[in-house]
Number of protein chains: 2
Amino acid sequence: MNCSVMTDSSSPALLERALSGDRVALARLLSVAERSAPEFAELHTALFPRVGQARRIGFTGPPGAGKSTLVEAYGVLRRARGDSIAVVAVDPSSPFTGGALLGDRIRMNRLALDPECFVRSMATRGSFGGLARGTDDLADVFDAAGFDRVLLETVGVGQSEVDVARATDTTVVILVPGAGDAVQALKAGLMEIADILVVNKADRPGAERVVAELEEVLSLRSEESHWQVPVIQTVATNGKNDNGLERLDQAIEQQAAAAQECGAFALRRASHLKDKIRRLVEDRLRSELFAGKGLAARIAEALEERNGRSPYEITAALLSEAGLTSAGHSPGSKNESPA
Amino acid sequence: MNCSVMTDSSSPALLERALSGDRVALARLLSVAERSAPEFAELHTALFPRVGQARRIGFTGPPGAGKSTLVEAYGVLRRARGDSIAVVAVDPSSPFTGGALLGDRIRMNRLALDPECFVRSMATRGSFGGLARGTDDLADVFDAAGFDRVLLETVGVGQSEVDVARATDTTVVILVPGAGDAVQALKAGLMEIADILVVNKADRPGAERVVAELEEVLSLRSEESHWQVPVIQTVATNGKNDNGLERLDQAIEQQAAAAQECGAFALRRASHLKDKIRRLVEDRLRSELFAGKGLAARIAEALEERNGRSPYEITAALLSEAGLTSAGHSPGSKNESPA
């Protein structure tokens, strides 16, 4: 039994147990990562050498596209090929009820009950800040714990959510007939991040038209690339062989192989690492600037002190206070007055 | 004729002409604001005392909800009541073609050709950073130039876009039958920001069902409030009296009156000002930290120097370099090693 009682809660012991297959310890480590507790910085540094083996695959699309069902079906298919599977699902929570909106995760039973799988749901709590950092930390924990595939599922309706799905090795964008045509997907900014486009619920009327539209939009892409974005039709609720999941699996493998061959795979990971550090630095700057007071509190003070000053004036004053000159930023200005 | 040739391009003269009704100068000032040219900081400080008279109304919703048509119809209605109207419309641009996606703005002819109106379109160019700051600066210019109403229109599919619509006195969220039910709108994070919900294209099948669902979700709202969010059906393409625009106009007036009476109006504007300063400070920190090198460049260097270090370690080192101690952030750590 893995369900040891948590008597020893010291971090190194927690890490050791979590990474060696203790599911309760793993759940606890994930909670530390999700809360962004100060102790996680140290834990992350300790587990970082083990990060990098898992393949990360992002799934995103508009609400109602059937993402959870597709992610579960893909997870089950990879399980049958011997992979262990971790899922990080971002659940928008309701500002009205305070809880998660739907019991989507309950529907992932085929994965959640498998001892070689772990499904973790993150509520966004109406706040979008730090979402990308948080999910990335969870994915790092799963990666270090030895899961072969980490699947990240988000609803593609916020830049933060889209960033989560994009910060992966392969990004799958899921659309459905009737929820908007290819131009609407373009407007939502989803097509530019897709490595693979899925038209799910392809047994519905209009599926062929959406596929044709998507292919037409893709044909407009001017850049030369190592990878042609395919459009794959799926019916994820259908357990039969012709539900498109096999084609999706093949496409994900082919995309990764093509990216590895031309070096894009490593470049993409290096770029994600840079993004992660940038987010960490910005988070810390926001909370620590101005003698630990934090940016928000200092702005409130400055507005009191400088009633009626313009936002640009207050910004210049705050930057000067933080030791950052604003020289060279107002070339035409003769009387910059941050005081 | 207002079409004076731009021989004198000095900033104070440009500002004076733009704010006194010269449309060519106004267009140029808007371009300076949109480019975020260094000179705009000074111009903004000069025009800031005149900011605050205009009412700002945000319109957002999923792609295909008919936002442009509704914004135009509302603008035409307010024109008939004597208001001058400015529109800031955020156009997602295609990463494939490099240009704006649709000629939506062309359809705003009834406003664009009116001398008491000004329609300005902003392309997002695939980049979402700075969008809220940019649109806010444009709205400030229109406000200072004396427009009575500034309408901000964005597609509600990104946190930045949603932020634009929310940074107003009144936020109108536009949905349509068939594009997803109330739960999907909740998932998209749109219902929490709505002062007024519009079900546009209400002549389509399913409108009544969406209205009922939205009202049910609204009834779950626990907090006491000075304002009950109404659900209004419109058919913006219909020029007749029963198209719902009158009811929308009334609701916008009632919401503003209620907010003014209880003080929420002023609090909301104060909160938007804080947000604007926070964005300005963060933008400048990002670009000026590390001796003007910028955060992104310094991170790239740090990754070269510290190959294999964890992102949290590199973050601690960069913050220490920027003069920010990370003391107190790793209480359990005995050997913090930023070097």
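The model is predicted: local features need pLDDT of at least 70, side-chain atom pairs count only at pLDDT 80 or more, and totals for chains, interfaces and linings use all residues. Residues are numbered from 1 along each chain as its sequence is written, chains are lettered from A and ligands numbered from 1 in the order in which they are written, and side-chain values use heavy atoms, with hydrogens and water left out.

**View 1. Helix α1 of chain B and its cover.** Helix α1 spans residues 11–19 of chain B. Helices (H or I, at least four residues) and strands (E, at least two) are DSSP runs, numbered from the N terminus. B:S11, B:A13, B:L14, B:L15, B:A18 and B:L19 are buried here. Buried means under 20% relative accessible area, with a 1.4 Å probe and protein chains only. Their cover includes α2 (23–35), α3 (38–47) and α6 (131–144) of chain B.

**View 2. A:T170 in strand β5.** Strand β5 of chain A, residues 170–175, holds A:T170. A:T170 counts as buried because its relative accessibility is 0%. Its side chain makes a polar contact with the side chain of A:Q255, at 2.6 Å. Such a contact is a pair of N or O atoms within 3.5 Å; within protein, one must be able to donate a hydrogen and the other to accept it, and residues adjacent in sequence count only if both atoms are side-chain atoms.

**View 3. B:R268 in helix α11.** Helix α11 of chain B, residues 264–288, contains B:R268. Leaving aside neighbours within four places in sequence, B:R268 has contacts (heavy atoms within 4.5 Å) that include B:D169, B:T170 and B:D195.

How values were computed. Buried < 20%, exposed > 50% of the residue type's maximum accessible area, 1.4 Å probe, protein only.
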